[in-house]
Amino acid sequence: TVCDGILTCHWHHARFDLASGGTFDQFADDVQAYDVVVRDDIVYVDPRPRRADRIAHARDRLRDGLEQSIGLVVAKSVLALLDAGVPPADILEIGGTFGARYRDAGWRSGLTILTAMGNVAPALDPGDRMLALYHGVVNVARDCAGQPPRHFLDPLPGDEVPQQRLTAWFRQFIEVRDGDGAERALLSAVQQGASSVDLATMLATAATDHAFLDGGHTIDFINKACELLDLIGWDKAGAILPSLTPVIASSTRSEELNSWRNPVDLVALLEPVFNRIDDIAAAADTDREWRAADDLIDLLLGDDPVAIVDALTGALEAGAPMTSVSRAVSYAAAMRVARFHTSNEFGDWITVLHAFTAANAVHQLMRRAPSPELLRGVYHGAMALYLTRFLNMPAARLPEQRQSALAELPTDGEDVLRELEDALDREQQVEPAGQLAWRYLDQGHDPGALIARLGHLLLREDGEFHSYQMLEAGVALHRELAPVEPERARRVLVAVARYLAAHAPTSRAMYQTARTARRLAAGESLYE
């Protein structure tokens with residue numbers, strides 16, 4: 001309807017200036033305007049829109065969607081940018097810098113989801129890559145909605161403070177929960193041109209000065225901030241990394257928790273090891289080929305914390321590379337998820353998930369910036385794994401232990417994937433999902449297609465934070481294990497499938513919004 005020069009669309013009653021196409025309602029979008037000439041009762045329309053720069057407009061609207069936390073605007077803008085050939089890194093940069101600035105409390109789940117989806121997007125089908133970025137940006141917008149923005153501090157005057165001194169200061173400020181002091185030390189390191197390895201070490205060292213901060217979230221946030229900078233460029237470190245300082249400074253320290261102190265004092269158990277952590281790290285041979293034996297994995301999943309600590313220390317002192325040991329702990333944590341029994345309370349899925357994502361974060365940081373201080377995080381992860389042992393009692397049977405059930409499943413790859421998709425349309429399909437993932441891989445089919453389908457199955461849901469973490473960490477560990485330990489790599493994807501099945505289906509409102517954005521972009525009539 002047109003009245004007083006305003007066009008109203010009665011779908012949601014959005015109003016537009018008929019002459020310019022500008023909307024008065026931010027949940028809608030400005031529409032293209034075209035020059036018109038009327039001659040002899042004939043209307044001529046210039047097919048060239050007045051607004052020629054589609055990319056600049058889409059960027060502006062993406063920021064509007066972030067500011068107003070409007071999912072449809074975000075979806076339309078992401079789709080428009082990708083269709084115009086804008087690299088995904090540019091979209092990640094817009095979302096990442098916005099999330100780092102417009103939440104005073106610092107890094108949160110939205111930025112983690114954004115980074116995780118940026119990491120897995122290349123492994124997804126082309127049509128799902130837009131969904132991955134859309135999910136990431138929407139979750140950033142939700143985290144920032146109604147929050148006060150951050151007011152960044154300045155680095156210290158001058159540029160002559162040694163990196164070692166800045167790192168020491170940073171640790172000291174975090175120790176006393178002084179986020180401002182820590183931020184200035186960090187920004188000074190960035191200004192002085194500290195390398196990505198130096199910055200990652202600075203952050204990870206302070207985080208592992210204490211045990212398993214915030215249930216593993218803090219070390220994961222640090223790793224994700226580094227991975228985000230890998231995607232958008234480390235020249236943005238000054239904009240991204242300060243968002244971590246309030247999080248690290250305020251994190252709950254697990255040595256303050258009764259579960260880490262009684263009936264076994266795990267902090268005291270680790271203290272003599274940490275007193276000689278430099279020597280233990282020095283004994284590790286970075287060039288050695290080493291694979292964790294099944295006995296070690298079983299020990300990590302066992303109920304004897306002294307034996308776990310001794311086994312890790314013995315492996316390192318015998319020359320096992322720190323990255324190989326951190327990978328073994330990460331794999332064992334994935335097995336907690338693969339063997340999580342559905343007789344447990346539903347919320348305990350997140351407990352085993354935290355052990356896995358924290359172990360994965362330590363492992364990824366170890367690959368990036370190995371250090372004796374970070375090695376403490378491997379031991380912390382092993383202790384967190386020990387504390388979750390009762391969630392594998394009883395342990396769910398692995399798919400290969402259910403041969404009669406496997407024999408009833410199809411062998412054709414696409415048939416298996418179709419059954420997996422159907423299974424996640426129903427609740428309580430944890431065991432069938434794990435069996436279908438194993439069946440697909442055990443028949444020799446392309447794991448890339450399974451990963452892409454698992455990604456699609458997550459992105460059609462209104463995913464909860466930890467599901468995004470599970471997919472991304474599982475894909476990363478599978479990628480690393482597949483060439484050297486293919487059977488273990490298959491079990492990791494079984495864990496992913498089981499976790500996603502436990503959290504599906506949902507109302508799928510985000511998926512509907514994305515579909516609407518696609519139909520609008522295609523010029524379809526939504527009422528048809």
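How many bridges join strand E1 to strand E2, and in which direction do the two strands run? In this predicted model, E1 (residues 2-3) and E2 (residues 6-9) are joined by two bridges and run antiparallel.

E1 and E2 make a hairpin with two residues between them, and in its turn aspartate 4 has a positive phi of about 55°. E2 is also joined to strand E3 (residues 14-17), here by four bridges and again in an antiparallel arrangement. Isoleucine 6 has aspartate 17 as its bridge partner in E3. The hairpin of E2 and E3 has four residues between the strands, and histidine 13 takes a positive phi near 60° there.

**Largest pocket**

The largest pocket is lined by 43 residues, and Asp29, Asp30, Val31, Lys76 and Leu520 are those that lie nearest its centre. Strands E2 and E3 each give two or more residues to this lining, as do helices H1 (54-68), H2 (71-83) and H26 (509-521). H2 gives the most, with six residues. By class, the lining of the pocket has 24 nonpolar, nine polar and 10 charged residues.

| Space | Volume |
|---|---|
| Largest pocket | about 1300 Å³ |
| Largest cavity | about 110 Å³ |
| Second largest cavity | about 70 Å³ |

Residues lining the largest cavity include Ala207, Thr208, Phe212, Ala358, Ala359, Val362 and His380. Helix H8 (196-208), H18 and helix H19 (372-387) are the elements that give two or more residues to this lining. Its residues divide into seven nonpolar, five polar and no charged.

The second largest cavity has among its lining residues Glu461, Asp462, Glu464, Leu500 and His503. The lining of this second cavity has four nonpolar, four polar and three charged residues.

**Contact of H18 with H25**

Helix H18 (residues 348-368) also takes part in a crossing with helix H25 (residues 486-502). The axes of H18 and H25 come within 11 Å and cross at roughly 145°, and the crossing is left-handed. On the H18 side, the contact is made by Trp349, Ile350 and Leu353; H25 contributes Arg498, Tyr499 and Ala502. By class, the residues of this contact are five nonpolar, no polar and one charged.

Key: Residues are numbered from 1 along each chain as its sequence is written. This is a predicted model: local features need pLDDT of at least 70, side-chain atom pairs count only at pLDDT 80 or more; totals for chains, interfaces and linings use all residues. Side-chain values use heavy atoms; hydrogens and water are left out. Two strands pair if DSSP finds at least two bridges between them. On a 1 Å grid over the protein atoms alone, a cavity is a set of points where a 1.4 Å probe fits but cannot get out, and a pocket is an open set with protein on both sides within 12 Å along at least five of seven lines; lining residues have an atom within 4 Å of a point. Grid points are joined across faces, edges and corners, and a volume is the space filled by probe spheres set on the points. Ala, Val, Leu, Ile, Met, Phe, Trp, Tyr, Cys and Pro count as nonpolar, Asp, Glu, Lys and Arg as charged, and the others, Gly among them, as polar. Axes are lines fitted to C-alpha atoms, for helices over the stretch in contact, and angles run from 0 to 180 degrees between N-to-C directions. A crossing is left-handed if the near helix is turned anticlockwise from the far one by less than a right angle, and right-handed if clockwise. Contact means heavy atoms within 4.5 Å.
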